[in-house]
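Grab your viewer and let's work through a few exercises. Each one gives a task, followed by a solution in steps.

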Protein chains: 2
Amino acid sequence: MSKAVVLRWGHRHRDERLTTHVALTARALGASGLILTDVKDERIKKTIDEVVSKWGGPFFFKMGVSWKAALRDWRAKDGLVVHLTAYGENIQVGDVIQRVKETGKDILVIVGSQKVPSEFFSPEISDFNIAIGNQPHSECASLAVFLDRLFKGKIKKFEDAVLQIIPQKHGKKVISKVKPK
Amino acid sequence: MSKAVVLRWGHRHRDERLTTHVALTARALGASGLILTDVKDERIKKTIDEVVSKWGGPFFFKMGVSWKAALRDWRAKDGLVVHLTAYGENIQVGDVIQRVKETGKDILVIVGSQKVPSEFFSPEISDFNIAIGNQPHSECASLAVFLDRLFKGKIKKFEDAVLQIIPQKHGKKVISKVKPK
C-alpha cells in the first residue's frame with residue numbers, strides 16, 4: 001500500500017492551531033508523517049509528540065527543511081507529488097483519485113495556503129493538482145477528504161497507544177494501558 | 001435530498017480562524033448554513049458574507065442563538081441530530097453513514113470541541129454520535145469527511161457567483177462574471 005506524507009508550506013507563527021489541526025488530521029487519517037517546511041515551530045512539535053505518545057504512532061514530524069530540498073528528496077525516491085488546491089481537478093467529479101492510486105507510488109501531499117508560489121502548479125513540481133470542490137475553504141478539510149478517499153477501506157492501526165477509544169453509540173469510553181517498554 | 005445544517009458549539013474569541021474554516025468547509029461541501037450558538041462573532045459573519053457574495057450561495061449564517069433553542073427548533077421540525085465526536089461510531093468501519101442517510105431526514109450536524117456538555121452524547125440530544133476515526137484531530141476535518149461521505153455524488157451548485165474556478169490539471173483559471181441584479 002502506498003504511503004502518504006504531508007508537506008505543509010507557508011506556515012506562519014499565527015498559524016499554530018491551524019497547522020496543528022493539519023498535522024493531527026494527517027496522523028488520524030493515515031499519513032505517515034508531516035514535514036513543516038522552511039520554518040520551525042516547537043509548539044506544534046510538542047503537541048504532536050504528546051499525541052503520539054498518548055494515542056500511538058508511528059507518525060513523524062520534521063520541521064525547518066526547505067521545501068525545495070524536501071521535494072528533491074521525494075523525487076529522488078521516485079515519489080508522486082499531489083498539490084491540494086482549489087484550482088485543481090475536482091476530486092468530487094471524474095477519476096483523479098483513481099489515477100493517483102493507479103500510480104502505486106508513495107505520495108507527498110502539498111498543503112499550502114492562498115499564496116503558494118505559482119510553480120507549485122506546474123508539472124515540474126506537482127504531478128497532480130487536486131481540489132476538494134473548486135471553492136475556497138480550508139487546507140485542513142481538503143487534506144481530510146483527500147486522505148479519506150485515498151485510504152478508504154484501509155484503517156490505520158496505531159501502535160504503542162496508552163489511550164484508546166472504544167466507539168460508543170452514546171456516551172464515552174476510553175481505556176488506558178500501561179505503555180510498553 | 002436531505003439538507004445539512006451545521007451547529008457550531010463552544011466558539012471562543014480566539015477560535016476565529018478555526019470557526020471560519022469550519023463555516024467555509026460547511027459551505028463548500030454542501031451544507032445549507034451554519035448556526036454559531038451562544039455567542040456572536042462579527043468577524044466570522046463578515047468573512048462568510050464576503051465569500052457568499054463572491055463565490056455564490058445560498059448559505060446562511062446565524063449567530064447568538066442558544067444551543068438549546070436551536071436544538072428545540074430542529075426537533076420541532078422532525079430533524080435528525082448528528083454529533084461529530086472522536087468517541088462515537090467510526091464512520092470508517094460499519095454502516096453508520098448509511099443508517100443516517102436511510103432516515104431521509106434533514107440533519108443538524110453538531111461540531112463541538114473537547115469540552116462539550118456530556119448530555120450532547122445522550123439519545124435525548126444526539127440521534128447519532130459519529131467519529132471520523134476514533135482519534136483526536138480537528139473539528140474541521142471531521143466535518144469535511146462527514147459531509148463528503150453524506151453528499152457523495154451530489155455536487156452542490158452555487159448560485160449568483162461572481163467568481164468561478166475552471167478546474168485545471170496545471171495552472172489557475174478563474175472567470176469573473178457580472179453579478180446578476
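Predicted model: local features only at pLDDT ≥ 70, side-chain atom pairs only at ≥ 80, totals over all residues.

**Exercise 1: placing a proline**

Where is the place of Pro58(A) in chain A?

- Step 1: Pro58(A) sits in the loop between helix H2 (42–55) and E3 of chain A.
- Step 2: Gly57(A) and Pro58(A) are joined by a cis peptide bond, with omega at about 0 degrees.
- Step 3: Over in chain B, Pro58(B) is in the loop between H2 and strand E3 (60–65). The bond joining Gly57(B) and Pro58(B) is cis, with omega about 0 degrees.
- Step 4: For background, most peptide bonds are trans.

**Exercise 2: the sheet of chain A**

Work out the strand order of the open sheet in chain A, and say which strands stand at the edges.

Solution. 
- Step 1: Six strands make up the open sheet, ordered E3-E2-E1-E5-E4-E6 (chain A), and their pairing is parallel.
- Step 2: Strand E3 (60–65) and strand E6 (128–131) of chain A each have a single partner strand, so one side of each has no neighbour in the sheet and they stand at the edges.
- Step 3: Ignoring direction, neighbouring strands in this sheet are turned by 30 degrees against each other on average.
- Step 4: Now check a pairing at the E3 end. Strand E2 (residues 33–37) of chain A pairs with E3(A) in the parallel sense over five bridges, and Ile35(A) has Lys62(A) as its bridge partner in E3(A).
- Step 5: H3(A) lies across E1, E2, E3, E4 and E5 of chain A, and runs at about 140 degrees to E2(A).

**Exercise 3: strand E5 of chain A**

Describe the partners of E5(A) and how its residues point.

Solution. 
- Step 1: Strand E1 (residues 4–8) of chain A pairs with E5(A) in the parallel sense over five bridges. Leu7(A) finds its bridge partner in Ile110(A).
- Step 2: Strand E4 (residues 80–90) of chain A also pairs with E5(A) in the parallel sense, over five bridges. Here Leu84(A) goes with Val111(A).
- Step 3: Side chains in a regular strand alternate between the two faces of the sheet.
- Step 4: In E5(A), Ile107(A), Val109(A) and Val111(A) point one way, while Leu108(A) and Ile110(A) point the other way.
- Step 5: E5 (residues 107–111) is mostly covered, with five of its five residues buried.

**Exercise 4: two helix partners for H1(B)**

How do H2(B) and H5(B) sit against H1(B)?

Solution. 
- Step 1: The axes of helix H1 (residues 16–28) and helix H2 (residues 42–55) of chain B come within 10 Å and cross at roughly 30 degrees. An angle under 35 degrees counts as roughly parallel, so H1(B) is roughly parallel to H2(B). Their crossing is right-handed.
- Step 2: On the H1(B) side, the residues that meet H2(B) include Ala23(B), Leu24(B) and Arg27(B); on the H2(B) side, Ile44(B), Ile48(B) and Val51(B) are among them. By class, this contact has five nonpolar, three polar and three charged residues.
- Step 3: H1(B) and H5(B) pack at about 5 degrees, with axes 9 Å apart. That makes H1(B) roughly parallel to H5(B) as well.
- Step 4: In this second contact, Leu18(B) and Val22(B) are among the H1(B) residues, and Leu143(B) and Ala144(B) are among those from H5(B).

**Exercise 5: the contact between the chains**

How many residues does each chain put into the contact, and which element of chain B gives the largest share?

Solution. 
- Step 1: Chain B gives 40 residues and chain A gives 40 residues.
- Step 2: On the chain B side, H1(B) has the largest share, with six residues.
- Step 3: Sorted by class, that side has 20 nonpolar, 15 polar and five charged residues.

Key
Residues numbered from 1 in each chain as written. Chains lettered and ligands numbered in written order. Axes fitted to C-alpha atoms, helices over the stretch in contact; angles between N-to-C directions. Helix = DSSP H or I, 4+ residues; strand = E, 2+ residues; numbered from the N terminus. Parallel < 35°, antiparallel > 145°, perpendicular 65-115°, else oblique. Left-handed = near helix turned anticlockwise from the far one by under 90°. Contact = placed C-beta atoms within 7 Å. Nonpolar A, V, L, I, M, F, W, Y, C, P; charged D, E, K, R; others polar. Buried ≥ 20, exposed ≤ 12 C-beta atoms within 10 Å, placed from the backbone. Pairing = 2+ DSSP bridges.
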